[in-house]
Amino acid sequence: MKKRKQKIALITGVTGQDGAYLAEFLVGKGYLVHGIKRRASLFNTDRVDHLYRDPHESGGHLVLHYGDMTDSLVITRIIQKVVPDEIYNLAAQSHVAVSFEEPEYTANADALGALRVLEAIRILGLAAKTRFYQAGTSELFGLVRETPQSEATPFYPRSPYAAAKLYAHWITVNYREAYGIFACNGILFNHESPLRGETFVTRKITRGLARIALGLQECLFLGNLDAKRDWGHARDYVRAQWLMLQQSAPRDYVIATGEQHSVREFVDCAARELGLELGWRGKGRGEHAVVASSSGVSGKLKRGKTVVRIDPGYFRPTEVETLLGDATRARRELGWKPVVTFGELVSEMVREDLRIAQRDALMRRHGYDSPDPHE
Amino acid sequence: MRRALIVGVSGQDGAYLSQLLLQKGYWVAGTSRDARSNSWTNLRRLGVHGRVHTLSLDTGDPEGVARVLEETHPDEIYNLAGQSSVGLSFERPLETFASISLGMFHVLEAIRRLGLRARVFNACSSECFGDTGENAADEGSPFRPHSPYAVAKAAAYWAAANYRDAYGLWVCSAILFNHESPLRSERFVTSKIVGAACRIARGSGERLRLGTLTIVRDWGWAPEYVDAMWRLLQQELPRDYVVASGSSSTLEDFVREIFAALDLDWRAHVEVDPALGRPSEPRCVRGDARRIARDLGWSARCRLPELARRLVRAARESA
């Protein structure tokens, strides 16, 4: 029997949350996965190290290249060398709040980065071979024009991050229409996991509460508690990314759970996982959460202790108050639906952060410094 | 004396806007990438060269943008700079993005950082709407850009809106539909048609080859459009407007009127060559400018066929 040729995928941003889950997923499917990572003085591959060190039995494994989305030459050279069947463009300055601080870098990496990859596909004559996935975002909907948001909802970006992603979205559509590249935008609503960066609000909550439960941290400071998001699990979402590139024709898809929760609800849910019931007091900037009751791992926390406060420094110059996705098209055409529920997502994240916090507590008890990195 | 800074002054709109602002008594500064070696053809043609204080600026350089703002202390800033050809944007997508989108970011960031109170005008484009079909696009219509040029303009538009919302900057965009004049370069199809038709009228015997005749556009007269730009900055609060003639025509209509203005029958001189078409192009772009008519009292007076007569007259005078 003739062995089918191994498929080759290239993932930009392979060291991020989605890059790691996608690399693992594709290796499991038998792909040879190439990833692009930025050069850094410190190790930055912890999310994919398990794939790198332990090449998969089926033959699939991971190859890493140094590269930066702001460097056209490197992007083009890697694509020329790898000749991928599929490119997943996940690399980005992906933090909305940071984009207000670094708007130009965000535009360069997120908007021009996508264009550089598309141009490389075109210039290298790979338009008929290489399929392209662009990681879009629900932040495009920003100040929402309708609820829920589907592929037909007009965009209203509310941050330099969203404006840059808007460019990436439309330039992807344009290269599909102009040059016939099999290019898809996934408009992904928030998707989280234990691999989420520590500066994103969900991870900040699960990590902060786990550390508070064990007495490693006093209080968790948050911004807009009323922001409502549609949160799914990254593992479910990378499957949708892959599915988009397996269709007979390229199209853009909203990927979402269709369920919405506020940041406050996320906090409550995470606290309960730790045996903690919170009571919310005060209003506006003075709002805070106190311990109403505690048991299990957080049993040592005293009733009435304030564990969550507002820091207006985390408010954004322009907030996105509510996002809720309608993934009907993905359900119908890709047969995709999320497997992990909101409760399971929060539970998994808390469990993982509790494990890390317990390790830190153990180290401290034995006289070692435990790392306590800050934003 | 009110002070205006026109970023990108050497193009068609920059020249007409300089003329208008000088007439209104403004002190006018204008930038171009290389002010010293620029031949300033458009400013000379309008007789305003020498009255505009010219400076070199590449809007890709954030420090340069900040320096020019500090040097000129403008009350009003008009950002017209950028790679402005849709066709060329397919060949130079990166340069197009850098000059249009990053350029706008640099202007906005410089104002924010320096704490300036200047009002800012951003020149957005009807190309952002993409194909509007039969329904004319107004300020509420969603964008669906069809070229690297249009995608870059859409990003700049949202950057302007975001800095207004986020930091209270006084900035607004006009979504300008096609506006023509004798100062348009021959890279634009309208000027190409006028140029060829005039040569044919003089007996060149050439044939005019066009990629398509069926696209629908809304064409206006550029000097009227710079007046709309100025009016946008005189509003009490910054608000975005569609600026269009409100009447749309096919490219065939445009060709017919240009040749008719020369007493020629276009059908004897024009051929369609699809190879000249763009990789992707909106078929139909119609504009609805009722809001600016109502709020700012602006409406286009010059449309086809008057527009064709003016373009032909100017081309003949300069030939």
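**Reading sheets, domains and chain contacts**

Analyst: In this predicted model, strand 2 (residues 32-37) of chain A runs parallel to strand 3 of chain A, and 5 bridges join the two.

User: What holds strands of a sheet together, in general?

Analyst: Backbone hydrogen bonds pair the strands, either parallel or antiparallel. Here is one pair to find: Val33(A) has Leu62(A) as its bridge partner in strand 3 of chain A.

User: How many strands form the sheet in chain A, and in what order?

Analyst: The open sheet has 7 strands. Read across chain A, the order is 3-2-1-4-5-6-11, and the pairing is parallel.

User: Which are the edge strands?

Analyst: Look for a strand that pairs on one side only. In chain A these are strand 3 (62-66) and strand 11 (253-255).

User: By how many degrees are neighbouring strands of this sheet turned against each other?

Analyst: On average by 20°, with direction ignored.

User: Which strands does helix 5 of chain A lie across?

Analyst: Helix 5 (residues 103-123) of chain A lies across strand 1 (8-12), strand 4 (86-89) and strand 5 (131-137) of chain A. Its angle to strand 5 of chain A is about 170°. Now take helix 8 (residues 234-244) of chain A. That helix lies across strand 4, strand 5, strand 6 (183-188) and strand 11 of chain A. It runs at about 160° to strand 6 of chain A.

User: Now chain B. Where are domain 1 and domain 2?

Analyst: A domain can be made of several stretches of one chain. In the domain assignment of chain B, domain 1 is 3-179 + 220-243, and domain 2 is 182-218 + 247-286 + 303-318. Their C-alpha centres lie 26 Å apart.

User: How many residues of the two domains of chain B are in contact?

Analyst: In chain B, 23 residues of domain 1 are in contact with 17 residues of domain 2. On the domain 1 side, helix 4 of chain B brings the largest share, 4 residues. By class, that side of domain 1 of chain B has 9 nonpolar, 12 polar and 2 charged residues.

User: And between the chains, how many residues are in contact?

Analyst: Here 26 residues of chain B are in contact with 24 residues of chain A. Helix 5 (93-114) and helix 6 (148-167) of chain B each supply at least two residues of the chain B side. Helix 6 of chain B gives the most, with 11 residues.

User: How does the side of chain B that touches chain A divide by class?

Analyst: That side of chain B has 19 nonpolar, 5 polar and 2 charged residues.

Definitions and conventions
Residues numbered from 1 in each chain as written. Chains lettered and ligands numbered in written order. Predicted model: local features only at pLDDT ≥ 70, side-chain atom pairs only at ≥ 80, totals over all residues. Domains from an automatic or database assignment. Contact = placed C-beta atoms within 7 Å. Nonpolar A, V, L, I, M, F, W, Y, C, P; charged D, E, K, R; others polar. Pairing = 2+ DSSP bridges. Axes fitted to C-alpha atoms, helices over the stretch in contact; angles between N-to-C directions.
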